Amino acid sequence: MWRYPVTLSGMRIRTATAADFDRLPEVERSAGECFRDIGMPEIADDVLPTPAELASYPFAWVADDPEPVAYLVAAPVDGALHIEQVSVHASRARRGIGRALIEEAARAGFPALTLTTFADVPWNAPYYERCGFVRLAGDELTPGLRRIRAAEAARGLDRWPRVAMRRA
């Protein structure tokens, strides 16, 4: 089932190793900076995930060149693989790396992928729609997605419209 490493314009998509997790918060910091430009500095300044938090996900992939420049972490939620975070270093954005990581996650053997994201940020919900995700109505949320959305609301993320999405 797994075919590592996958290459993308000279980059490799591969399963994250223990050594990668120390580098991923910097990728997240860089990726978050673009939120400053659209009036969401709180997102850019949000607390970064720790290497231990990132390592706790049962599924984690990186794109490297040769150091990690992007990552995706995910966990099973209600029978689907839930993408908790996909981040691409700003210096490598808009090159198909995020999409390649999503496609790698799609090969993990789950019947669907899910995620939650900002509804109106161009590189969030509109981007994921181009990747085949559909927005879920409130009554379509599984119990696990409802818990995730409640935790996001408790963190203050609902200050901006958010959606849950699914891709079969």
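Q: How many residues line the largest pocket, and which of them lie nearest its centre?

A: The general idea is that rolling a probe the size of a water molecule over the atoms shows where empty space is left. The search uses a 1 Å grid over the protein atoms alone, where a pocket is an open set of points with protein on both sides within 12 Å along at least five of seven lines, while a cavity is a set of points where a 1.4 Å probe fits but cannot get out; lining residues have an atom within 4 Å of a point. Here the largest pocket is lined by 49 residues, and Glu28, Phe35, Gln85, Val86 and Ser87 are those nearest its centre. Its volume is about 1400 Å³, where grid points are joined across faces, edges and corners and the volume is the space filled by probe spheres set on the points.

Q: What should I know about the model before reading further?

A: This is a predicted model, in which local features need pLDDT of at least 70 and side-chain atom pairs count only at pLDDT 80 or more, whereas totals for chains, interfaces and linings use all residues. Residues are numbered from 1 along each chain as its sequence is written, and side-chain values use heavy atoms, with hydrogens and water left out.

Q: Which strand gives the most to the lining of the largest pocket?

A: Helices (H or I, at least four residues) and strands (E, at least two) are DSSP runs numbered from the N terminus. Strand S5 gives the most to this lining, with 7 residues.

Q: Which residues of helix H1 are buried?

A: Helix H1 is largely enclosed by the rest of the structure, because 7 of its 9 residues are buried. These are Leu24, Pro25, Val27, Glu28, Ser30, Ala31 and Gly32, and what covers them includes helix H2 (41-44), helix H3 (51-55), strand S3 (59-64), S4 and S5. Val27 is one of these buried residues, with a relative accessible area of 2%; setting aside residues up to four places away in sequence, Val27 touches residues including Pro68, Tyr71, Ser87 and His89. Val27 and Leu48 are 21 residues apart in sequence and 9.9 Å apart in space, C-alpha to C-alpha.

Q: What span does helix H6 reach from its first C-alpha to its last, and which of its residues are buried?

A: The expected span of a helix is 1.5 Å times one less than its number of residues. Helix H6 (residues 143-154) has 12 residues and reaches 17 Å, close to the expected 16 Å. Its buried residues are Gly144, Leu145, Ile148, Arg149 and Glu152. They lie on the same side of H6, because they cover an arc of only 135 degrees around the axis, the arc being that of the directions from the helix axis to the C-beta atoms. The exposed residues Arg147 and Ala154 are on the face turned away from this buried side, whereas the cover over the buried residues includes strands S4 (68-77), S5 (80-88), S6 and S8.

Q: Which strands pair with S8, and in what sense do they run?

A: Two strands pair if DSSP finds at least two bridges between them. Strand S6 (residues 113-118) runs antiparallel to S8 and is joined to it by 6 bridges, while strand S7 (residues 134-135) pairs with S8 in the antiparallel sense over 2 bridges. Arg166 in S8 stands opposite Thr114 and also opposite Val134. Strand S8 itself (residues 162-167) is mostly covered, with 5 of its 6 residues buried.

Q: Where are backbone features such as a cis peptide bond or a positive phi found?

A: A cis peptide bond, with omega about -15 degrees, joins Asp65 and Pro66, and Pro66 is in the loop between S3 and S4. Asp78 is not a glycine, yet its phi is positive, near 50 degrees; it is found in the loop between S4 and S5. Arg94, also not a glycine, has a positive phi of about 65 degrees and belongs to the loop between S5 and H4. Asp78 is partly exposed at 43% relative accessible area, and Arg94 is exposed at 82%.

Terms used. Buried means under 20% relative accessible area, exposed over 50%, partly exposed in between (1.4 Å probe, protein chains only). Contact means heavy atoms within 4.5 Å.
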